Amino acid sequence: MHFNCSTILHPHPQVISSLAFKTSASTFPEWENPALLSQRRICSKNISRKLRSAVRLTSMSSTPLQFIEKTSTLPQDIGFPIMVNGCTGKMGKAVVEAAVSAGLHLVPISFSSNNISGKTVQVGGKDIQLYGPSERESILLSVLDEYPNLIVVDYTVPAAVNNNAELYCRVGVPFVMGTTGGDRERLYKTVEDSKVYAVISPQMGKQVVAFLAAMEIMAEQFPGAFSGYTLEVMESHQASKLDTSGTAKAVITCFQKLGVSFEFDQIKQIRDPRQQIEMVGVPEEHLSGHAFHLYHLTSPDQTVSFEFQHNVCGRSIYAEGTVDAAIFLAKKVKSKAEKRIYDMIDVLREGNMR
């Protein structure tokens with residue numbers, strides 16, 4: 001059983017998240033099926049013409065399950081100063097723009113590498129002064145003195161994760177760590193020992209986090225439900241991403257608990273731009289920033305198949321999630337909640353995202 005484009009996707013220009021269940025006589029996933037690949041490419045090329053005001057989580061066989069409107073303003077009592085470190089990077093820029101759009105007060109200062117320290121850059125229509133590693137502590141202390149309700153967001157580089165976190169903890173500033181990599185065990189221990197407010201998550205996309213949470217619930221409540229099924233996994237990211245998707249690994253871990261035999265080295269990674277356009281259906285304008293994932297399950301007798309798919313174009317889903325995490329953290333500080341490490345599941349459970 002196959003479906004037409006209008007049923008398969010209801011995309012936002014930055015996000016396509018679909019959860020598919022279907023029965024099929026074919027044992028080959030869609031990225032290896034020429035007819036379906038052609039259909040997916042046509043759908044993907046229409047992304048930029050679709051709605052620009054919402055993110056939809058859809059089912060291929062039904063009407064949209066969830067419709068999330070994005071608002072551009074916050075209640076007056078939620079406004080607070082936010083400092084985005086790494087603002088010259090692609091994610092940092094996206095977070096600055098999302099924060100300004102949300103009505104937060106952007107602190108015009110950011111940590112940077114030594115080679116651009118001392119420069120002033122314009123991001124999100126704001127002039128931001130950059131400071132290198134040697135000036136971090138004195139600058140952060142002066143910023144915190146001027147903005148006592150400060151929330152810091154970190155999108156620097158993996159090599160800076162631990163040193164930056166140690167600084168935030170030493171100074172006592174609440175922070176959102178969106179940067180991946182570094183010594184994660186050391187990171188968590190640093191924050192736990194210091195008792196500061198922090199949101200740490202390698203995946204900031206709210207809808208993707210919700211999907212992962214649902215997978216974990218299914219794995220916990222129905223272990224072995226897919227015993228005997230074979231799994232094929234494809235993930236496509238921009239060519240600059242050299243490692244395997246952490247999100248794909250998290251989903252696969254859930255499938256393993258559900259009884260599927262699959263190892264991480266079986267993941268099909270696609271980094272070649274030509275293949276991404278022709279095989280996966282990534283819009284050309286998003287080759288430099290996308291995250292497409294496809295998980296295909298086939299029953300032992302090959303008469304039933306299940307497919308889970310979540311595709312992201314651009315970085316807005318992560319930027320919006322980061323801003324929601326910062327708002328969540330600011331509320332925790334204001335309410336004098338427990339000082340501890342929170343994650344994006346906690347942010348989702350709060351239930352009052354924009």
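Here is a friendly set of questions and answers about this predicted model.

Residues are numbered from 1 along each chain as its sequence is written, and side-chain values use heavy atoms, with hydrogens and water left out. Because the model is predicted, local features need pLDDT of at least 70 and side-chain atom pairs count only at pLDDT 80 or more, while totals for chains, interfaces and linings use all residues.

Me: How many helices and strands are there in the protein chain?
Reply: Helices (H or I, at least four residues) and strands (E, at least two) are DSSP runs, numbered from the N terminus. The protein chain holds 11 helices and 16 strands.

Me: What percentage of the residues of the protein chain count as buried?
Reply: Buried means under 20% relative accessible area, exposed means over 50%, and partly exposed lies in between (1.4 Å probe, protein chains only). Of the 354 residues in the protein chain, the share that counts as buried is 51%.

Me: Among contacts between residues at least 6 apart in sequence, what percentage join residues at least 24 apart?
Reply: Contact means heavy atoms within 4.5 Å. Taking contacts in the protein chain between residues at least 6 apart, the part joining residues at least 24 apart is 68%.

Me: In the open sheet of three strands, what is the average angle between neighbouring strands?
Reply: The strand order is S6-S8-S7, and the pairing is mixed. Its edge strands, each pairing on one side only, are S6 (109-111) and S7 (120-123). Axes are lines fitted to C-alpha atoms, for helices over the stretch in contact, and angles run from 0 to 180 degrees between N-to-C directions. With direction ignored, neighbouring strands of this sheet are turned against each other on average by 40 degrees.

Me: Which residue of S8 stands opposite valine 123?
Reply: S7 and strand S8 (residues 126-131) pair in the antiparallel sense over four bridges. Valine 123 faces, in S8, lysine 126.

Me: Which helix lies across S6 and S8?
Reply: The helix in question spans residues 136-146 and runs at about 150 degrees to S6. Its name is H4.

Me: Is cysteine 87 buried or exposed?
Reply: Cysteine 87 sits in the loop between strand S4 (81-85) and helix H3 (90-102). Leaving aside neighbours within four places in sequence, its contacts include Val121, Val123, Ile128 and Leu130. With a relative accessible area of 1%, cysteine 87 is buried.

Me: How are H5 and H6 arranged, and what describes their directions?
Reply: Helix H5 (residues 161-171) and helix H6 (residues 184-194) pack at an angle of about 0 degrees, their axes 10 Å apart. Angles under 35 degrees count as roughly parallel, over 145 as roughly antiparallel, 65 to 115 as roughly perpendicular and the rest as oblique. Therefore H5 and H6 are roughly parallel.

Me: Which residues does asparagine 162 contact, leaving aside its neighbours within four places in sequence?
Reply: Asparagine 162 belongs to helix H5. The residue is buried, with a relative accessible area of 8%. Beyond those sequence neighbours, asparagine 162 is in contact with Gly182, Asp183, Arg186 and Leu187.

Me: Which residue joins its side chain to that of lysine 206 in a polar contact?
Reply: Lysine 206 lies in helix H7 (residues 206-221) and is buried, with a relative accessible area of 8%. A polar contact is a pair of N or O atoms within 3.5 Å; within protein, one must be able to donate a hydrogen and the other to accept it, and residues adjacent in sequence count only if both atoms are side-chain atoms. At 2.5 Å, the partner of lysine 206 is aspartate 324.

Me: Which residue takes a positive phi in the hairpin of S14 and S15?
Reply: Strand S14 (residues 290-298) and S15 pair in the antiparallel sense over nine bridges. Six residues lie between the strands, and the one with a positive phi near 65 degrees is glutamine 302.

Key
Two strands pair if DSSP finds at least two bridges between them.
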